[in-house]
Amino acid sequence: MVRLVEESIEVRVGETSPEQFLWRGRLYRVTEVVDHWQERHAWWREGGRPLAQVPLARDVWRVEASRGRSSTPGVYDLGVDGDPEGTSGWLLLRTQD
């Protein structure tokens, strides 16, 4: 079952993809990058922001990650509108059970 989350998270990025993320005070370690794609940004939800300042696409990484060695891994969609190299601007978009 897919659950929409859309919460801000902090992400530590390796050479090309996320390696760890902090969500609700818990650290998750990425064990596998399942997929990577771009999806259209919902620009119509931006209210009064000028369209020129609204990103039209978001980078999304579907990752398998776990909280610790004894934790069962889960699947998470991590998205960023800006520079994927930075730690801020990231969102946890969806989780899968």
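Trainee: What should I know before I start?

Mentor: The model is predicted: local features need pLDDT of at least 70, side-chain atom pairs count only at pLDDT 80 or more, and totals for chains, interfaces and linings use all residues. Residues are numbered from 1 along each chain as its sequence is written, and side-chain values use heavy atoms, with hydrogens and water left out.

Trainee: How many helices and strands does the chain have?

Mentor: Helices (H or I, at least four residues) and strands (E, at least two) are DSSP runs, numbered from the N terminus. Here there are zero helices and six strands. Along the sequence the pattern reads β-β-β-β-β-β.

Trainee: How do the strands pair, parallel or antiparallel?

Mentor: Strands of a sheet pair through backbone hydrogen bonds, either parallel or antiparallel. Two strands count as paired if DSSP finds at least two bridges between them. In this chain, six strands form a closed barrel in the order 1-2-3-4-5-6, with antiparallel pairing. The twist averages 45° from one strand to the next; axes are lines fitted to C-alpha atoms, for helices over the stretch in contact, and angles run from 0 to 180 degrees between N-to-C directions.

Trainee: Which bridges can I look up?

Mentor: Valine 2 stands opposite glutamine 96 in strand 6. Next, strand 3 and strand 4 pair over ten bridges. Aspartate 35 has arginine 62 of strand 4 as its bridge partner. Strand 4 and strand 5 are joined by seven bridges. There, arginine 62 is partnered by aspartate 77 of strand 5.

Trainee: How much of the chain is buried?

Mentor: Buried means under 20% relative accessible area, exposed over 50%, and partly exposed in between (1.4 Å probe, protein chains only). Of the 97 residues, 34% are buried.

Trainee: Why is strand 4 called largely enclosed?

Mentor: Seven of its ten residues are buried, so strand 4 is largely enclosed by the rest of the structure. Take valine 60, which is found in strand 4. Its relative accessibility is 0%, so valine 60 counts as buried.

Trainee: What does valine 60 touch?

Mentor: Contact means heavy atoms within 4.5 Å. Leaving aside neighbours within four places in sequence, valine 60 contacts residues including Trp37, Asp77, Leu78 and Leu93. Glutamine 38 is 22 residues from valine 60 in sequence, yet their C-alpha atoms are 5.8 Å apart.

Trainee: Which residues have the most contacts inside the largest nonpolar core?

Mentor: A nonpolar core is a set of buried Ala, Val, Leu, Ile, Met, Phe, Trp, Tyr and Cys residues joined through side-chain atoms within 4.5 Å. The largest one has 15 residues, and Ile9, Phe21, Trp23, Tyr76 and Leu78 have the most contacts inside it. Among the elements giving two or more residues are strand 1 (2–13) and strand 6 (90–96).

Trainee: How many aromatic pairs are there?

Mentor: Rings of Phe, Tyr and Trp (its six-membered ring) pair if their centres lie within 6.5 Å; planes under 30 degrees apart count as stacked, over 60 as edge-to-face and the rest as tilted. The whole structure has six such pairs. Phenylalanine 21 and tyrosine 28 have ring centres 4.9 Å apart and planes at 0°, so this pair is stacked. For tryptophan 23 and tyrosine 76, the centres are 6.4 Å apart and the planes at 70°, so this pair is edge-to-face. Tryptophan 23 is in strand 2 and tyrosine 76 in strand 5, so the pair ties together parts 53 residues apart in sequence. Ring pairs link Phe21, Trp23, Tyr28 and Tyr76 into a cluster.
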